[in-house]
Amino acid sequence: QVQLVESGGGSVQTGGSLKLSCAASGATSSSACLAWFRQGPGKERPEGVAVIYTTYGRTYYADSVKARFTISLDIVNNTVDLKMNSLKPEDTAMYFCAARPKGHLGSPCYTLVPEAFSYWGQGTRVTVSS
């Protein structure tokens, strides 16, 4: 049973930092990869932010967050974190943790296509004010 629970969201000013955490119960051993997505105000689809492969720890990032965000995986504690620096107002969104089971067919993890991820958390809200 995979359960994903996000925490760490909040309100910060432009240039600030936040660290999101996802408690990924049952996910780190059964998943090919774990990712963070976000859905901004008025957006219909979540946008892929970052993904990490569970086997070798390889990471991929959306261009909009490269060099500012860092995803990390703690296999022992079953958590996947997203450290966000130099936050901008356009980073304001609900942030979701997602997991893709091993053997799942479809787009590869690194493409960050929402449909490729079967399990989702409830989200944690991030607001960045100017």
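The torsion about the S-S bond of Cys-33 and Cys-109 is about -90°, so this disulfide (a pair of cysteine sulfur atoms within 2.5 Å) is left-handed. Cys-33 lies in strand β4 and Cys-109 in the loop between β9 and β10 (119-120), so the bond ties together parts that are 76 residues apart in sequence. The structure is a predicted model, in which local features need pLDDT of at least 70 and side-chain atom pairs count only at pLDDT 80 or more, while totals for chains, interfaces and linings use all residues. Residues are numbered from 1 along each chain as its sequence is written, and side-chain values use heavy atoms, with hydrogens and water left out. Strands (E, at least two residues) and helices (H or I, at least four) are DSSP runs, numbered from the N terminus.

**Disulfides**

- In the pair Cys-33 and Cys-109, the sulfur atoms are 2.0 Å apart.
- The other pair joins Cys-22 to Cys-97, with an S to S distance of 2.2 Å.
- The S-S torsion of Cys-22 and Cys-97 is about -80°, so this disulfide is left-handed.
- Distant parts of the chain are linked by this pair, since Cys-22 is in strand β3 and Cys-97 in strand β9, 75 residues apart.

**Burial of the cysteines**

- Buried means under 20% relative accessible area, exposed over 50%, and partly exposed in between (1.4 Å probe, protein chains only).
- Cys-22 has a relative accessible area of 0% and is therefore buried; Cys-97 is also buried, at 0%.
- Cys-33 is buried at 0%, and Cys-109 is buried with a relative accessible area of 4%.

**Nonpolar cores**

- A nonpolar core is a set of buried Ala, Val, Leu, Ile, Met, Phe, Trp, Tyr and Cys residues joined through side-chain atoms within 4.5 Å.
- The largest nonpolar core has 27 residues, of which Trp-36, Leu-82, Met-84 and Tyr-95 touch the most other members.
- At least two residues of this core come from each of β3 (18-25), β4 (31-39), β5 (47-53), β7 (69-74), β8 (79-84), β9 (93-101) and β11 (124-129).
- Apart from this core lies another, of nine residues, including Cys-33, Ala-35, Val-51 and Leu-112.
- In soluble globular proteins, nonpolar side chains tend to be buried together.

**Surroundings of Met-84**

- Leaving aside neighbours within four places in sequence, Met-84 is in contact (heavy atoms within 4.5 Å) with Gly-16, Ser-17, Leu-18, Leu-20, Arg-68, Phe-69, Tyr-95 and Val-126.
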